[in-house]
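New notebook, new structure. I'm jotting down what I look up as I go.

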Amino acid sequence: MPLARSLSVTSLSGLEEWDEEFDLEDAVLFEIAWEVANKVGGIYTVIQTKARLTSEEWGENYFLVGPYVESNVRTQVELIEPTNPVLKRTIDKMNSSGCKVYFGRWLIEGSPYVVLIDVGFTAWSLDRWKSELWDLCDIGVPWFDREANDAVLFGFLTAWLLGEYAAQSEEPPHIVAHFHEWLAGLGLVLCRHRQLPVATIFTTHATLLGRYLCAGNVDFYNKLSEFNVDKEAGDRQIYHRYCLERAATHCAHVFTTVSQITAIEAEYLLKRKPDIVTPNGLNVKKFSAMHEFQNLHAQSKNRIQEFIRGHFYGHLDFNLDKCLFLFIAGRYEFSNKGADIFLEALARLNYLLRVNHSDVTVIAFFIMPARTNNFNVETLKGQAVRKQLWDTAQTVKERFGKKLYESLLVGQLPDVSKMLDKEDFTIMKRAIFATQRQCQPPICTHNMLEDSSDPILNCVRRIGLFNSSADRVKIIFHPEFLSSTSPLLPMDYEEFVRGCHLGVFPSYYEPWGYTPAECTVMGIPSISTNLSGFGCFMEEHIADPSAYGIYILDRRYRGIDESCNQLTSFLFQFCKQSRRQRIIQRNRTERLSDLLDWRYLGRYYIAARHMALAKAFPDTYLYEPHEPTSTSGFRYPRPASVPPSPALSRHSSPHHSEAEDNDEDERYDEDLEAEKDRVNIRQPYTPPFKNKSVLGANGNSNGVISEKN
C-alpha cells in the first residue's frame with residue numbers, strides 16, 4: 001500500500017520568518033484535551049510545546065480546556081479571575097448551576113490561559129448524560145470503564161462551556177474548538193448536534209484500534225483494508241470508545257492526524273481521510289545549545305563513562321574511548337517500540353564485531369519503565385567501588401604531590417623511586433583487590449518484580465548477551481525514567497541523550513515519534529522506521545537521510561528477518577565510523593532541527609483552524625486552495641563533502657593514513673555546507689485565504705497550507 005502524498009507534510013517553509021497574519025479579532029480559540037496541565041501521555045508534550053506559538057497568534061483569545069487535577073494545579077497553574085468578560089459570565093453561570101470550573105494561567109512558556117473543569121464534581125450527572133448519549137448516538141458506555149466515564153463527563157461539560165460562551169456573547173461569536181483524541185471527542189459531537197456556532201477540529205494522535213491491534217502482533221499495515229473494524233473493536237471490549245472516536249472524526253469540520261502513516265491508518269479504521277496532516281514539532285530553543293552542543297555531548301558522555309566504570313568494575317577490559325553508547329527509550333511496549341528487533345540486531349552486531357576483530361565496544365541502554373521494587377545491590381555496589389577507587393587515587397595523588405613539592409623547594413629533582421612508599425602501595429593494592437568480581441556485570445540495574453516473564457530479560461537470555469568479556473556488545477536495562485537525583489545514574493533525560501552516540505527506535509507502531517525528534521534537535525543521530533511518522537516525514541524532506549544521521553529502517557515492505565539484517569547493517573556501519581566522521585554527522589543532524597521547530601510546523605495547525613473557520617462560517621471566511629507550483633517545498637540534498645559512512649567512503653582500507661585525514665579537513669567545510677543547505681530550502685506555496693468584511697471581520701491576510709502532487 002503506497003504512501004500517498006497528502007495536503008500537508010510534503011511542503012515546509014524555509015528559514016525566513018513567516019510574516020503573514022490573520023485577523024482574529026472576532027474569533028476565539030478553545031483547545032480541548034485531557035492532557036492540558038495533566039501529564040498522562042505524549043499529547044501533553046504537543047500542547048505544552050505548542051502553547052507559546054499559539055498564544056502569540058491568538059493572544060487573549062486563546063484558552064486551553066482540560067480536567068481539574070488538584071495535585072497538578074498546585075504546581076503548574078496560577079489560578080486567577082477570568083480577564084475575558086464573556087468567559088467570566090460563562091464560568092460564573094456554570095458554577096452557579098452545579099459545576100466547578102477554574103480559570104488560570106498555565107506556568108509554561110507562553111503562559112496560556114487555562115479553563116479547568118472538575119469532572120468528579122459533576123459525577124452525579126453521569127447516568128443522565130449516558131442516557132442522553134444513548135438517545136442521541138446509540139452509544140452505550142459500560143459502568144466499569146472509568147476512562148470512558150470520564151470522557152462522557154468531560155465531553156458534556158466542554159459542550160456546556162462552549163454553548164454557554166456562545167449564549168453569553170453579545171454578538172454572534174466565531175468560536176474555533178480544537179479537540180484532541182477520543183477522550184475529548186464527545187464534546188465535539190455534542191457541539192455539532194446542538195448546532196452551536198463553533199468551527200470544530202478533531203486531531204487523532206494515534207487511533208485506538210490501531211494501538212490495540214499492533215499490541216496483538218497482527219500484520220497490521222498489510223491487512224488494513226481487511227479488518228472488520230466493528231468486530232475487532234468489540235473483541236477487544238473497546239467498541240464504545242471506538243464509536244466515540246469515530247463519531248468525533250466524522251462530525252468535525254476538519255479532521256487531522258499527526259503523520260502520513262497515521263493518515264492511512266485513520267482512513268481505513270475511522271473511515272475518513274484526514275483533511276490536513278499536522279506534524280508534531282518541538283520548541284527548538286529549549287533543546288538547542290547553539291554552537292556548544294558538541295561540547296555538551298563530550299561533557300555528558302564523560303558522565304555516562306563514569307557510570308560505566310562503576311557498572312563494569314572488575315570487567316573493564318575495553319577502551320572507553322572506543323566505546324559507543326546506543327539507547328532506546330519510551331513506553332515499555334516490547335514489540336510496538338521495536339525492542340525485540342533491536343535486541344536481535346545487537347546479537348548479530350556482536351558476532352560481526354567479534355569476527356572482524358573490532359576494537360569498538362557497544363553499550364546499549366534500554367530506558368523503559370517497568371515494575372521494580374528497588375535498585376540492584378550489585379549495581380549500587382559498583383558505583384560505591386568506583387567512588388572508593390577515585391578517593392584512593394586522590395589520596396595517593398595528594399601524598400605524591402606533597403613529596404614532589406618539598407623536593408622542589410630544596411632545589412632537588414625528585415627521586416621517583418622514593419616518591420611512593422610502602423603505605424602508598426598497600427593502599428593501592430587494597431583498592432585493586434576491592435575491584436575483583438566473581439560474577440558478570442548485571443544486565444538490569446533494578447530488581448524486577450516479574451523477572452522470569454519480562455520480555456527484555458527473556459530475550460537477553462535467549463540471545464546470550466550477558467556482558468561477558470568476550471562480547472563486544474554490552475546491555476544495560478534501566479527500567480525507570482532517568483532523573484538527576486538518582487543515586488545510580490544522576491542524569492536527566494536530555495543530558496543522557498546528549499551523551500549518547502546513537503538513538504535506536506525501530507518501532508512497528510509509532511504515529512509520530514518524539515524520541516528521535518528530540519535526538520535530532522540535540523544533534524544526535526538516530527534510527528527510525530518507515531512506519532513511524534517521524535521516519536516518513538524525514539524521508540519526505542531529506543534526499544539522503546542517512547547522510548544527516550537519520551537512518552530509516554524499512555519495516556513496511558520487508559519481513560522481520562530482513563529488517564533485522566538492515567538494522568544490523570546500520571549499526572555495523574556506524575561502528576566503523578571514525579571519530580571525525582561522527583562529529584561531522586552530528587553537525588549535519590543538528591542542522592535538521594529547523595525542520596522540527598514549531599515556528600514552522602505550527603502553520604499546519606494554523607491552516608487547519610483557517611479551514612475550519614471557512615467551513616463553519618462561509619459568509620465570513622473564505623478558503624481558496626490552489627494547485628501548488630513545481631517548486632513548493634524542499635528536500636535537503638545529499639551533502640557534497642566526505643560521506644559519513646566508511647562503507648561509502650573513498651578509503652579502500654580501514655587503516656587510512658594521517659595524510660588522508662588532513663585531506664578530509666580540506667574537503668569538509670562546515671559553514672559552506674550549512675550555507676548550501678539553507679539555499680536549498682524553498683519557500684512554501686501559500687494559497688489565498690481571505691476574511692470577508694462581514695460581522696466586522698475585515699481580513700486582508702492569507703492562511704497557509706501546502707501540498708504537492
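Below are my entries on the sheet, a histidine, salt bridges and aromatic rings.

**Ground rules**

I'm working with a predicted model, where local features need pLDDT of at least 70, side-chain atom pairs count only at pLDDT 80 or more, and totals for chains, interfaces and linings use all residues. Residues are numbered from 1 along each chain as its sequence is written, and side-chain values use heavy atoms, with hydrogens and water left out.

My helices (H or I, at least four residues) and strands (E, at least two) are DSSP runs, numbered from the N terminus. For accessibility, buried means under 20% relative accessible area, exposed means over 50%, and partly exposed is in between (1.4 Å probe, protein chains only).

**Entry: the sheet**

I traced an open sheet of 9 strands with mixed pairing, in the order β3-β4-β5-β2-β1-β6-β7-β8-β9. Two strands pair here if DSSP finds at least two bridges between them. Which strands stand at the edges? They are β3 (77-79) and β9 (276-277); each has a single partner strand, so one side of each is left without a neighbour in the sheet.

I then looked at one pairing inside that order. Strand β2 (residues 62-67) and strand β5 (residues 113-117) run parallel and are joined by 5 bridges. Pro67, for example, has Ile117 in β5 as its bridge partner.

I also checked Thr75, which lies in helix α2 (residues 70-76). Thr75 counts as exposed, at 60% relative accessibility.

**Entry: His180**

Next I went to strand β6 (residues 174-180), where His180 is found. Is His180 buried or exposed? His180 is buried, with a relative accessible area of 1%.

I looked for its polar contacts (pairs of N or O atoms within 3.5 Å; within protein, one must be able to donate a hydrogen and the other to accept it, and residues adjacent in sequence count only if both atoms are side-chain atoms). The His180 side chain makes one with the side chain of Glu31, at 2.7 Å. It makes another with the side chain of His205, at 2.9 Å.

I listed its contacts too, meaning heavy atoms within 4.5 Å. Leaving out residues up to four places away in sequence, His180 touches Glu31, Ile32, Ala33, Ile43, Ile47, Thr203, His205 and Tyr605.

Tyr605 turned up again in another search: Lys50 lies over the face of Tyr605, at 4.7 Å from the ring centre. For that, NZ of Lys or CZ of Arg must be within 6 Å of the ring centre and within 35 degrees of the ring normal.

**Entry: salt bridges**

How many salt bridges does the structure hold? I get 38, counting a side-chain nitrogen of Lys or Arg within 4 Å of a carboxyl oxygen of Asp or Glu.

I picked out Glu57 with Arg609, whose closest N and O atoms are 2.6 Å apart. Glu57 lies in helix α1 (residues 43-58) and Arg609 in helix α23 (residues 598-616), so this pair ties together parts 552 residues apart in sequence. Glu57 is partly exposed at 25%, while Arg609 is buried at 2%.

Asp561 and Arg348 also meet in a salt bridge (2.7 Å, N to O). Asp561 is in helix α21 (residues 560-575) and Arg348 in helix α13, 213 residues apart. Asp561 is partly exposed at 42%, and Arg348 is partly exposed at 22%.

Arg399 sits in helix α14 (residues 377-409) and Glu423 in helix α16 (residues 422-434), 24 residues apart. Salt bridges that share partners join Arg399, Lys403, Asp421, Glu423 and Asp424 into one network.

**Entry: aromatic rings**

My search of the whole structure finds 29 aromatic pairs. Rings of Phe, Tyr and Trp (its six-membered ring) pair if their centres lie within 6.5 Å; planes under 30 degrees apart count as stacked, over 60 as edge-to-face and the rest as tilted.

Why is the pair of Tyr332 and Phe477 edge-to-face? The ring centres are 5.9 Å apart and the planes are at 70°, so the pair falls in that class. Tyr332 lies in the loop between β10 (323-329) and α13 (339-355) and Phe477 in strand β14 (residues 473-478), so the pair ties together parts 145 residues apart in sequence. Tyr332 is partly exposed at 22%, whereas Phe477 is buried at 0%.

I also noted a cluster: ring pairs link Phe307, Phe325, Phe327, Phe365, Tyr493, Phe496 and Phe505.
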